[in-house]
Amino acid sequence: MRDLTVFCAMEATRYSLETPFVIDGYEYFSDGRICIKRKTDKPETTDKTPDCEACFKQSREISLTTPIPILDPSYSDEKCTFCLGTGKEHVICNMCDGFGCHDCDCGTDHECGYCDATGRIECYNDKFCLYCDGKRLGFRDVRIEDVLFKGYYIGLIFRMFDNPKVVSLAISCKKVHDEPQGTGSMRFTFNGGEGLLMSISEN
Ligand SMILES: [Zn+2]
Ligand SMILES: [Zn+2]
Ligand SMILES: [Zn+2]
C-alpha cells in the first residue's frame with residue numbers, strides 16, 4: 001500500500017489533520033485543501049475526527065453543467081517548491097514543521113537554523129523528489145472557467161495514483177466588483193478510493 005500521508009496537513013496548526021484517520025472502514029488523508037479516502041482494515045479512530053464525508057456528499061449531489069476536463073498535468077517553469085528545485089528527496093523539517101521559522105516570545109519569528117529557513121531537509125540518498133520525480137520543476141495550476149486548482153496537488157494526484165480520473169466537478173463563479181471569482185471542487189477516483197480537491201483563490 002502506498003504511503004498517502006503526503007496528503008496530510010504539514011502545518012502544525014492543523015492538529016486534527018496531521019495524521020490519517022479511519023471512519024466506517026475508510027482511511028482519510030487531508031490537509032483541508034485536498035481529501036483522499038481509501039478502504040482500510042485499520043481500526044476506527046476513536047478521537048473526534050473532521051467531517052470530510054460531508055464534503056464528498058455535497059460534491060456527489062451537485063449536478064454538472066460543465067463538461068469534465070481531462071487533466072494532463074504539465075510541469076511549470078518554476079522550481080519545485082518541495083525539493084527547492086534540486087530534484088532530490090526531501091522531508092519536512094521537523095524542527096520548524098516546514099515553516100522555516102520559529103515563533104518567539106520576543107514577538108518576531110526567528111529563522112530555523114536546522115533547515116536554513118527552507119522548511120525542508122535533504123535526505124541525501126539516491127531517491128528522486130516525490131513531488132516532481134526529479135524533474136526539479138513544479139506543476140502548472142489548472143484553470144477551469146474562473147476556478148483555479150493548484151498544480152501542486154494535481155501533480156501529486158497523478159504521481160501517487162495510477163490512472164486517476166476526474167468524475168465530477170462542482171464550480172460556481174460570480175462577479176465581485178466586475179472581477180470574476182470562482183470556487184469549486186473536483187472529485188476523482190482511483191483504484192480503491194476517491195478524492196476531493198478544493199480550488200484556490202487567485203490572490
Ligand atoms: Zn521536487
Ligand atoms: Zn526572539
Ligand atoms: Zn526548519
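**View 1. Contact between domain 1 and domain 2.** In this predicted model, 9 residues of domain 1 are in contact with 7 residues of domain 2. On the side of domain 1 that touches domain 2, 5 residues are nonpolar, 2 are polar and 2 are charged. The domain assignment places residues 5-74 and 140-198 in domain 1, and residues 84-138 in domain 2. The centres of domain 1 and domain 2, taken over C-alpha atoms, are 24 Å apart.

**View 2. The open sheet of 6 strands.** Its strand order is S1-S2-S3-S14-S13-S12, and the pairing is antiparallel. Strand S1 (21-23) and strand S12 (165-176) stand at the edges; each has a single partner strand, so one side of each lacks a neighbour in the sheet. From one strand to the next, the twist averages 20°.

**View 3. Pairing of strands S2 and S3.** Strand S2 covers residues 26-30 and strand S3 covers residues 34-39; the two pair in the antiparallel sense over 5 bridges. Glu27 has Arg38, in S3, as its bridge partner.

**View 4. Helix H1 on the sheet.** Helix H1, formed by residues 52-61, packs on the sheet. The strands touched by H1 are S2, S3, S12, S13 (179-190) and S14 (193-198). The direction of helix H1 makes about 85° with that of strand S14. Among the strands in contact with H1, S12 is an edge strand of the sheet.

Notes:
Residues numbered from 1 in each chain as written. Chains lettered and ligands numbered in written order. Predicted model: local features only at pLDDT ≥ 70, side-chain atom pairs only at ≥ 80, totals over all residues. Domains from an automatic or database assignment. Contact = placed C-beta atoms within 7 Å. Nonpolar A, V, L, I, M, F, W, Y, C, P; charged D, E, K, R; others polar. Pairing = 2+ DSSP bridges. Helix = DSSP H or I, 4+ residues; strand = E, 2+ residues; numbered from the N terminus. Axes fitted to C-alpha atoms, helices over the stretch in contact; angles between N-to-C directions.
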